[in-house]
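Here is a short report on the structure shown below. It covers a helix, a loop residue and a domain contact.

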Amino acid sequence: MSINKKNSDYLTSDLNNPKRESLRSGFGQGLLKVGQINPNVFALCADLTESTQMHLFKESFPERFVEIGIAEQNLVTVASGIAAMGKIPFVSSYAAFSPGRNWEQIRTTICLNDRPVKIVGSHSGISVGPDGATHQMLEDIALMRVLPNMVVIAPGDSVEALKATLMMSLDSRPNYIRLAREATPVIFEEEMPFKIGQAYTLLEGQDISLITTGTMTYHALRAAQELFKKGIDAEVVHVPTIKPLDEETILKSLKKTKIAITVEEGQMNAGFGSSICELASEKYPVPILRLGIKDRFGESGQPDQLLERFGLTYTNIIKQTISFINLTKKA
Amino acid sequence: MKHTLKQLETIANTIREDIISMLLAAGSGHSAGPLGLADIFTAFYFEILNHKPKDPNWEDRDILLLSNGHCIPVRYAAMANAGYFERSELKTLRKLDSRLQGHPERLRLDGLENTSGPLGSGLSQAAGMALVLKRSNNLKRRIYVICGDGELDEGNVWEAAMFVGKNKLSNLTLIIDRNNIQIDGFTEDVMPLEDLKAKWEAFGFKVLEINGNDIEAVIDACLMAKAIEEKPTAIIAHTIPGRGVDFMESDFNWHGKPPNKEQAQKALHELRTLGGKIRSEHQ
């Protein structure tokens, strides 16, 4: 395993025993910072201020905080109006409700109307845990990535969530950022760069590309370490911006390894892995296995149990990598 | 007033003629709503709004949002007559490459303040705008939003109503086009709205009820709304759908269709002779 100095230098030294912090916490700190830097930033919430970590901003800038109540359609449309007056509104709720409930309003009043509203979907993925299927948003990537004009971001850890929040405040397009409830491993050092639209090759390898988004990148990194011991040299490409896709970085990896596995904590149908398959099938067709939730809803359980149940752990990535390499060799 | 009432009525009539001509040229679109709203749009573009047609993005302008985007022909006609663009462009409505899309798209035409079509989202966008002005103590500008009555079936409207009431957005005025029709029939049969006045009052609005086909009444109501500082105002403007064209008036079948050539000729003749009041077509 040769190491890409540039990106891998920013990985935390001990991936086997990482510090844990939630993505939403990184967002909350980022929003506070953005509020300090830019007086045009507003924050709107739908009765989940602390849960989505907007309370830090609210306490510091009450004159720029707007409580909407439990009304997600109003949340994004009021934000469209606020953006029309030259402001940059961040709107937060659970992803199941926003963009789950207000998709048409986002489509018409934000995307087609081109207003730079920043939609923050907290509590995405199966790892929401005990609350069960209603609250485990798995379809948000699919819903948001089909919208023209929308940028879709799924940060890998709290450090990146903070940076992404800063970069979103500077972006003139509508943005969606996907956050998770649970404290997840912090994989990046604070100096890790983040640019909207860029993918990062974190580990270089020759045998297979593990292309991942969100918190699944941690599992891919762990899997790559273990696979190396088994003689498989895996490359890890972290894709925090799902749309627009960094085609160059992804194609470069596919051209090298000629086989890939994608991993996401969401529906595979029309999701992140699908977008990689779309790219590959048109520009460099290679075998790709997708890991994610396969056309079903989640259920109650502890986050770790659920990730295990749905195969979204490094142990399963290891298993799937070995069998997929064998399968393609036979073919 | 910048114009006499007589002048305004003539403008409204011209706008109605333009609506008929546009819809005939387009071959599709909505007839009843736009005709019914011609007097309200005349009042706005020629008296109420503080705006500059040649500088549509002027930063101190008042903002008028159209929530029920399907009524856009009346706005295009009013804008053209007010000098935003040439009247000849009206004939491009709904055609390929036209700035005048079937439902309004802000990015295509300067002077449109929003993109609308799917119903129920105008009031909340207006609320966001009014909130920013209020929090920055900008007393110069006002926000107006026009919506349909059938549109009030949408839940988003009532989410917005609660929000506007809570924040006492007195710089926002909502005009409800109470024409009593929607696609499937009369509003009170499809989904009853009454007691509409009591509903808006319960949400914290001052409610004015007017004849929306009386230009002077529209101007007066907006002036009164301006003077009410403690709460937002909802103006229930009773209009006759299809107003000005006898065979279209109050018939919900004309909600979503354009006139054919023969019907358009009949309608234009009626408008040009002011319903038979004058003999020759051109005054």
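## Helix H2 of chain A

The buried residues of H2(A) are Leu23(A), Arg24(A), Gly26(A), Phe27(A), Gly28(A), Gly30(A), Leu31(A), Leu32(A), Val34(A) and Gly35(A). Buried means 20 or more other C-beta atoms within 10 Å of the residue's own; exposed means 12 or fewer, partly exposed lies in between, and C-beta atoms are placed from the backbone. Helices (H or I, at least four residues) and strands (E, at least two) are DSSP runs, numbered from the N terminus.

H2(A) covers residues 23-37. Its 15 residues should span 21 Å at 1.5 Å a residue, and its end C-alpha atoms are 21 Å apart, which agrees. The expected span is 1.5 Å times one less than the number of residues.

## Model and numbering

This is a predicted model: local features need pLDDT of at least 70, side-chain atom pairs count only at pLDDT 80 or more, and totals for chains, interfaces and linings use all residues. Residues are numbered from 1 along each chain as its sequence is written, while chains are lettered from A and ligands numbered from 1 in the order in which they are written.

## Leu90 of chain B

Leu90(B) sits in the loop between helix H4 (72-82) and helix H5 (122-135) of chain B. Leu90(B) counts as buried because it has 22 C-beta neighbours inside 10 Å. Leaving out residues up to four places away in sequence, Leu90(B) touches Asp18(B), Met22(B), Tyr76(B), Ala77(B) and Ala80(B). Contact means C-beta atoms, placed from the backbone, within 7 Å.

## Domains of chain A

Chain A divides into domain 1 (5-18 + 192-330) and domain 2 (20-185). The bounds come from an automatic or database domain assignment. The contact takes 36 residues from domain 1 of chain A and 34 residues from domain 2 of chain A.

Notes:
Contact = placed C-beta atoms within 7 Å.
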